[in-house]
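Student: Please take me through the labels used for this structure. For each one I would like to know what it rests on.

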Amino acid sequence: MDNNNGDLLRNTLTAREYDILTRLSTGLTDQEIAADLFLSPNTVRWYNRQIYSKLGVSNRTQAVAYAKNMDLLEDAPSTARPAYRHRLPMPSTPFIGRGREIAEVTQLMQTSRLLTLTGVGGTGKTRLALQVAEEIAGEFTDGACFVDLAPLSDEALVANAIARALDVIENPVEPVLITLKRVLAARELLLLLDNFEHVIQAAPLVSELLTAAPAVKVMVTSREPLRLAGEQEYPVPPLTLAAGEIVSTKSLLDSEAGALFVQRAQMVRPHFDITEASAQAIAQVCSRMDGLPLAIELAAVRCKLLTPQVLLERLNVTQDGSALDILAEGSRDAPPRHRTLRHSIEWSYNLLDNDEKTLFARLAVFRGGRSLEAIEAVCGEGLSIDVFDGLASLVDKSLVQQKETPDGEPRFVLLETIQEYAQERLTASSEAPAVQRRHAEYFVQLAEHVEPELRLSGFDDWCQRFELELDNLRTVLGWALDNNEVSYAVRLAGALCLFWYGKRPQVEGHYWTKQLLERLDDVPLAYHPKFLICAGHMAFLNDFDGAHHLFEQALTVSRELGDQVHTAWALIFLAYAMHLEPEVAMPLAEEGLALFRMLNHQPGIAQGLNIIGEISRVNGDDERAKQVYEECLLVCQQTGEVRRICYMCYNLAYIAQHAGEHEQAIEWGYRGLHLACDRDDKHEMANALAVLAGSFGPIGQPQRAARMLGASEAAAERMGAFHHPSDRPEVERVIAVVRGQLDDAAFQEAWQAGCEMSLEQAVAYVLEEAHQRSK
């Protein structure tokens with residue numbers, strides 16, 4: 001046994017691949033492994049192929065035998081992820097060199113609030129920025145946050161992207177930039193904005209954020225500077241090359257370019273070694289690549305099949321021959337390093353077989369990432385190869401990067417430069433319209449299939465999936481509007497209603513629905529009711545009259561179509577839009593609920609009961625509110641809609657507080673808080689603090705209550721969150737009660753102490769009190 005080879009393989013296999021390899025060794029089937037690790041069978045099949053490729057075997061029997069022989073199953077790493085306090089992506093490969101650049105950029109960040117790393121695509125700007133951010137994030141109280149702008153095609157969405165990365169909730173009653181400025185004003189943070197060049201018109205936004213937030217610093221990667229006052233530019237140089245005409249193995253490995261080449265070659269060929277002869281060839285390859293990391297990686301992966309000497313010969317032939325004449329018009333006067341990168345990508349592309357070329361081009365239709373299932377559905381048509389085989393080949397050749405979602409599902413991305421080249425190939429092909437249509441059909445059908453789950457137990461899981469696919473969803477909406485395919489966009493928007501509303505990116509939902517309303521006449525009437533209900537939701541929090549009108553339209557069209565389900569939805573939401581007029585609202589809500597009961601539509605029954613409860617509570621009928629909230633709670637326990645169970649806990653706590661039953665209210669509040677913690681719903685955690693404060697004051701703990709209120713309001717402020725219209729009066733009531741129990745100085749001192757807590761500290765503080773009460 002060769003321990004060195006075993007160590008190399010341990011560094012090559014990912015933690016998830018170890019998990020699956022370990023289970024393969026016990027004899028589990030793919031289906032059993034999928035169930036055990038909560039993965040899809042297709043995902044397990046994909047990982048099997050990666051394992052076989054990395055071990056140099058062709059089936060599971062050989063893989064297990066080889067792994068046992070190399071002691072790979074001993075001390076396998078766990079997939080448990082460390083609790084990183086910074087929101088920075090975890091690179092899948094070790095960082096090579098750049099010691100001088102790291103020191104220089106770190107020093108510049110000490111004296112600059114805006115630093116832009118510039119250079120052509122493929123120079124390693126993002127990796128350098130991430131490495132520096134990882135090293136200096138600890139100097140910032142609120143750490144560092146990474147924002148990938150590559151998937152965006154509209155500079156108007158830059159603020160939304162930053163808000164999403166920071167977990168800031170977009171407030172429909174104010175522009176997202178205003179929310180961001182208010183939230184960031186209270187933070188000490190390093191903000192890393194990646195790939196700014198194609199949304200460069202949004203550059204003034206960065207200045208506005210820096211002005212509003214004096215303790216925030218911004219690091220940007222871009223192919224061009226932002227040209228803002230106070231900007232410090234840092235051109236990222238190529239990797240260092242081996243010096244001298246005669247290159248030894250030592251001098252090759254001492255160079256950054258050579259070390260990167262060898263590392264990447266060993267990742268695809270664990271037994272790859274260098275000799276004096278191959279060192280010379282590798283040095284020349286790296287020189288040909290001008291020291292550009294991406295170009296070097298694309299060349300190195302060819303060592304899976306070629307020696308460095310043969311690789312150099314082929315590069316020489318390609319460079320002097322006609323293959324590179326295919327380069328796009330206008331690129332010949334590009335900077336030399338930019339031409340080198342295009343040559344490298346073109347060279348890698350020309351080595352693909354025809355099916356791989358087709359698959360590569362089709363992948364460009366996605367933005368932000370791709371799942372296995374989506375690639376199969378959108379890109380597989382008419383290929384003579386298995387999509388998995390083609391995708392594995394593209395990953396092996398570094399044209400596609402494989403990432404992993406928090407739940408272990410693989411996700412496939414193209415670096416921005418490669419994405420641009422793939423888009424050129426797709427645009428030049430005759431099949432671009434068909435691929436775009438399949439892409440739209442896939443995501444529309446996915447959203448429509450998932451929509452019912454959003455009102456059951458699947459809300460959190462599917463919203464997480466939609467968050468991952470947000471850039472693809474935007475692409476579909478934009479494509480549909482630009483290509484007179486409005487029906488696709490209307491169907492998609494209607495299906496995304498609860499995602500947009502429940503996860504509170506209503507600002508973006510409003511942005512799309514407003515455009516689609518202008519073109520609704522182009523869409524078959526059957527799709528109108530669901531869409532109009534979605535548009536009404538998006539208008540809810542800043543235009544009640546507009547929401548009222550849209551729900552009325554939805555009701556009229558639903559009745560005209562004989563669509564009972566959407567008639568019921570329109571009735572109850574129209575009632576909620578009129579909740580301050582109970583004599584009008586209540587009959588509408590009752591009619592909608594009765595229709596849902598007739599249809600035995602459990603999620604609709606739950607929503608109808610919830611809305612009747614809100615109308616009753618806001619208008620002082622606590623007895624009726626309690627009755628329907630309790631029934632709603634029972635229905636939700638049957639459907640598994642945990643999100644609404646949490647709402648019912650808070651609503652029932654308010655009702656108990658109105659009756660002076662504070663021990664009961666505290667019990668409901670704790671129950672809601674535990675559910676919010678289980679779901680990692682920070683907005684509802686913050687709400688729980690305010691709910692519980694409403695009873696801690698009256699039972700003789702007003703200082704604790706004031707501290708909880710301060711923590712709740714500060715957490716909401718940091719998130720850009722807001723209270724629902726029917727809940728804001730309750731919070732104001734609680735604040736007034738607690739303030740009345742303390743003098744101004746004591747209240748302000750306790751409130752400020754709460755404001756200085758993080759949300760996690762405040763929740764721990766409250767749960768500790770719960771523990772003490774239970775003794």
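Student: Why does E614 count as buried?

Tutor: Buried means under 20% relative accessible area, exposed means over 50%, and partly exposed lies in between, all with a 1.4 Å probe and protein chains only. E614 has 7% relative accessibility, so it falls under the 20% limit and is called buried. The model is predicted, and therefore local features need pLDDT of at least 70 and side-chain atom pairs pLDDT 80 or more, while totals for chains, interfaces and linings use all residues. Residues are numbered from 1 along each chain as its sequence is written, and side-chain values use heavy atoms, with hydrogens and water left out.

Student: What makes the contact between R617 and E614 a salt bridge?

Tutor: A salt bridge needs a side-chain nitrogen of Lys or Arg within 4 Å of a carboxyl oxygen of Asp or Glu. The N to O distance between R617 and E614 is 3.1 Å, so the pair meets the limit. R617, at 4% relative accessibility, is buried as well.

Student: How far apart are R617 and E614 in helix α31?

Tutor: They are three residues apart in helix α31 (residues 602-618), and therefore separated by about one helical turn. A helix here is a DSSP run of H or I with at least four residues, a strand is a run of E with at least two, and both are numbered from the N terminus.

Student: Which residues are linked with E614 and R617 in a network of salt bridges?

Tutor: The network also holds D727, E730 and R733. In the salt bridge of E730 with R733, the closest N and O atoms are 3.0 Å apart. Both residues lie in helix α37 (residues 728-741), three residues apart. E730 is buried at 6%, whereas R733 is partly exposed at 24%.

Student: Why is the contact between T118 and E233 called polar?

Tutor: A polar contact is a pair of N or O atoms within 3.5 Å; within protein, one must be able to donate a hydrogen and the other to accept it, and residues adjacent in sequence count only if both atoms are side-chain atoms. The side chains of T118 and E233 are joined at 3.1 Å, so the distance passes. T118 lies in strand β1 (residues 114-118) and is buried at 5%.

Student: What makes β7 and β8 paired strands?

Tutor: Two strands pair if DSSP finds at least two bridges between them. β7 and β8 (residues 410-413) have four bridges, in the antiparallel sense, so they qualify. E404 stands opposite P410, and Q401 opposite V413.

Student: What is the span of helix α20 compared with the expected one?

Tutor: The expected span is 1.5 Å times one less than the number of residues. α20 (residues 416-428) has 13 residues and reaches 18 Å from first C-alpha to last, close to the 18 Å expected.

Student: What makes a set of residues a nonpolar core?

Tutor: The members must be buried Ala, Val, Leu, Ile, Met, Phe, Trp, Tyr or Cys residues, joined through side-chain atoms within 4.5 Å. The largest core has 217 residues, of which W46, F261, F360 and W500 touch the most other members. Helix α33 (residues 642-658) gives the largest share, 11 residues. A second, separate core has 36 residues, including C145 and L184.
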